[in-house]
Amino acid sequence: MLGRERIRHAAETGQRIRSYEIALNLDLSEFHFARLFRAAFGRSPHVYYDEVRAERARALLREGLTEGDVARRIGFRRPAELRALLSKRGGAAPPSNGTERGDAAAE
């Protein structure tokens with residue numbers, strides 16, 4: 001489905017995208033698009049977008065990027081937003097490499 005690919009691309013590149021934008025391009029109402037998407041993929045467009053973002057963030061963290069860098073790459077302003085997404089979508093973030101603010105305060 002073209003809508004799914006647009007959502008995936010936006011999520012992987014840190015772009016914001018709204019369901020109504022995709023629906024307009026497909027000549028559907030936003031609600032009809034959301035119903036079709038859920039029927040086809042078992043989740044709403046928003047949940048799918050978040051899942052793809054979380055998947056991409058975990059991959060970048062495994063590559064050794066800091067939470068701040070990963071957060072910016074997937075479209076967040078702060079690492080706290082990234083941690084909230086990862087917590088909500090399938091568990092906590094991989095362990096920090098000790099470069100975040102909170103680690104220095106614990107010593």
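Glu12 is partly exposed, because its relative accessible area is 33%, where buried means under 20%, exposed over 50% and partly exposed in between, for a 1.4 Å probe and protein chains only. The model is predicted, so that local features need pLDDT of at least 70 and side-chain atom pairs count only at pLDDT 80 or more, whereas totals for chains, interfaces and linings use all residues. Residues are numbered from 1 along each chain as its sequence is written, and side-chain values use heavy atoms, with hydrogens and water left out.

**Glu12 and its surroundings**

- Glu12 lies in helix H1, helices here being DSSP runs of H or I with at least four residues and strands runs of E with at least two, numbered from the N terminus.
- When neighbours within four places in sequence are left aside, Glu12 is in contact with Val52 and Arg56, contact meaning heavy atoms within 4.5 Å.
- Glu12 and Arg53 are 41 residues apart along the chain, and their C-alpha atoms are separated by 6.0 Å.

**Packing of H1 against H4**

- Helix H1 (residues 2–13) packs with helix H4 (residues 45–62) at an angle of about 40°, and the two axes are 8 Å apart; axes are lines fitted to C-alpha atoms, for helices over the stretch in contact, and angles run from 0 to 180 degrees between N-to-C directions.
- This angle makes H1 oblique to H4, since angles under 35 degrees count as roughly parallel, over 145 as roughly antiparallel, 65 to 115 as roughly perpendicular and the rest as oblique.
- The crossing of H1 and H4 is right-handed, a term used if the near helix is turned clockwise from the far one by less than a right angle, and left-handed if anticlockwise.
- On the H1 side the contact is made by Arg4, Ile7, Arg8, Ala10, Ala11 and Glu12, and on the H4 side by Pro45, Tyr48, Tyr49, Val52, Arg53, Glu55 and Arg56.
- By class, the contact of H1 with H4 has seven nonpolar, no polar and six charged residues, where Ala, Val, Leu, Ile, Met, Phe, Trp, Tyr, Cys and Pro count as nonpolar, Asp, Glu, Lys and Arg as charged, and the others, Gly among them, as polar.

**Aromatic pairs**

- The structure holds three aromatic pairs, rings of Phe, Tyr and Trp (its six-membered ring) being paired if their centres lie within 6.5 Å, with planes under 30 degrees apart counted as stacked, over 60 as edge-to-face and the rest as tilted.
- The rings of Phe33 and Phe37 have their centres 5.8 Å apart and their planes at 55°, so this pair is tilted; the two residues are four apart in helix H3 (residues 30–41) and are therefore separated by about one helical turn.
- Both Phe33 and Phe37 are buried, and Phe37 counts as buried because its relative accessibility is 0%.
- Phe37 and Phe41 also form a tilted pair, at 4.8 Å centre to centre and 55° between the planes, and, being four residues apart in helix H3, they are separated by about one helical turn.
- Ring pairs link Phe33, Phe37, Phe41 and Tyr48 into a cluster.

**Asp27**

- Asp27 lies in the loop between helix H2 (19–25) and H3, and counts as exposed because its relative accessibility is 71%.
- Phi of Asp27 is near 60°, a positive value in a residue other than glycine.

**The chain as a whole**

- The secondary structure of the protein comes to seven helices and zero strands.
- Of the 107 residues of the protein, 32% count as buried.
- Among contacts in the protein with a separation of 6 or more, residues 24 or more positions apart account for 51%.
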